[in-house]
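Me: I have a chain on the screen and would like to learn how to read it. Please take me through it one feature at a time.

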Amino acid sequence: MTFGRLERNPGAQPMSEINMTPLIDVMLVLLVIFIITAPLMTSSLRLDLPRAEGAAASDAPAFVALAIDAQGRLFLDDQPLDAATERPQITERVRQAARRDPLAEVQLRADRRVPYGRVAELIGWVQAAGLTRIGFVTDTAPAGP
């Protein structure tokens, strides 16, 4: 009789590399999500804003966004308002913002073709509702010689 050695299977060796496929899949999905949502994060309301040299972005933490397009329609946070109820909606929203923060700002974006009387009317509504800080949003003027 011969005695021999019994062969043992050493078993599977642990992998020392990271499997990159799931990581790449997750990164591609995130990239697609950002590509789709990035245009939605900007304002969807297209206005031809006036240009000004000293225009700088406001750093007001609390603000109410109002916009007037070229036809004179009002938008509150990029949502169109009904012409019949625009004044009560605006004054109620401004009053709520004034109760939360008396230093809140109203950021007004008005198309350059809007008559001044319409802008002045809106400013009067805002001031009557309790906020006096009104910022006019403009485009920056192109740097010229």
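This is a predicted model: local features need pLDDT of at least 70, side-chain atom pairs count only at pLDDT 80 or more; totals for chains, interfaces and linings use all residues.

Me: How many helices and strands does the chain have?

Reply: Helices (H or I, at least four residues) and strands (E, at least two) are DSSP runs, numbered from the N terminus. This chain has 3 helices and 7 strands. Read from the N terminus, the elements follow the order α-β-β-β-β-α-β-α-β-β.

Me: Which strands form the open sheet, and in what order?

Reply: Strands of a sheet pair through backbone hydrogen bonds, either parallel or antiparallel. Two strands pair here if DSSP finds at least two bridges between them. In this chain 5 strands make an open sheet, ordered β4-β3-β2-β5-β6, with mixed pairing. β4 and β6 are the edge strands, each pairing on one side only.

Me: What joins β5 to the strands β2 and β6?

Reply: β2 and β5 run parallel and are joined by 6 bridges. Besides the pair we began with, Phe63 has Glu105 in β5 as its bridge partner. On the other pairing, 3 bridges join β5 to β6, and these strands also run parallel. There Leu108 stands opposite Phe136 in β6.

Me: Where do the side chains of β5 point, and are they buried or exposed?

Reply: In a regular strand the side chains alternate between the two faces of the sheet. In β5, Glu105, Gln107 and Arg109 point one way, Val106, Leu108 and Ala110 point the other way, and all are buried. Buried means under 20% relative accessible area, exposed over 50%, and partly exposed in between (1.4 Å probe, protein chains only). Because 6 of the 6 residues of β5 are buried, the strand is largely enclosed by the rest of the structure. For the chain as a whole, 26% of the 145 residues count as buried.

Me: Which residues touch the most other members of the largest nonpolar core?

Reply: In soluble globular proteins, nonpolar side chains tend to be buried together. A nonpolar core is a set of buried Ala, Val, Leu, Ile, Met, Phe, Trp, Tyr and Cys residues joined through side-chain atoms within 4.5 Å. The largest one here has 22 residues, and Leu66, Ile90, Leu122 and Leu131 touch the most other members. Two or more residues come from each of β2 (63–68), β3, α2, β5 and α3. The largest share, 6 residues, is from α3.

Me: What does Leu131 touch?

Reply: Contact means heavy atoms within 4.5 Å. Leaving aside residues up to four places away in sequence, Leu131 touches Val94, Ala97, Ala98, Asp101, Pro102, Ala104, Val106 and Val126. Over the chain, 74% of the contacts with a separation of 6 or more are between residues 24 or more positions apart.

Me: How many salt bridges are there in the whole structure?

Reply: Side chains of opposite charge can pair when their charged atoms come close. A salt bridge is a side-chain nitrogen of Lys or Arg within 4 Å of a carboxyl oxygen of Asp or Glu. A search of the whole structure gives 8 of them. In one, Asp77 meets Arg93 at 2.5 Å, N to O. This pair links distant parts of the chain, with Asp77 in the loop between β3 (74–76) and β4 (79–80) and Arg93 in helix α2 (residues 86–100), 16 residues apart. Asp77 is partly exposed at 31% relative accessible area, and Arg93 is partly exposed at 24%.

Me: What about Glu86 and Arg118: are they buried or exposed?

Reply: Glu86 is buried, and Arg118 is buried too. Their side chains form a salt bridge at 2.9 Å, N to O. Glu86 lies in helix α2 and Arg118 in helix α3 (residues 116–129), so the pair ties together parts that are 32 residues apart in sequence.

Technical notes: Residues are numbered from 1 along each chain as its sequence is written. Side-chain values use heavy atoms; hydrogens and water are left out.
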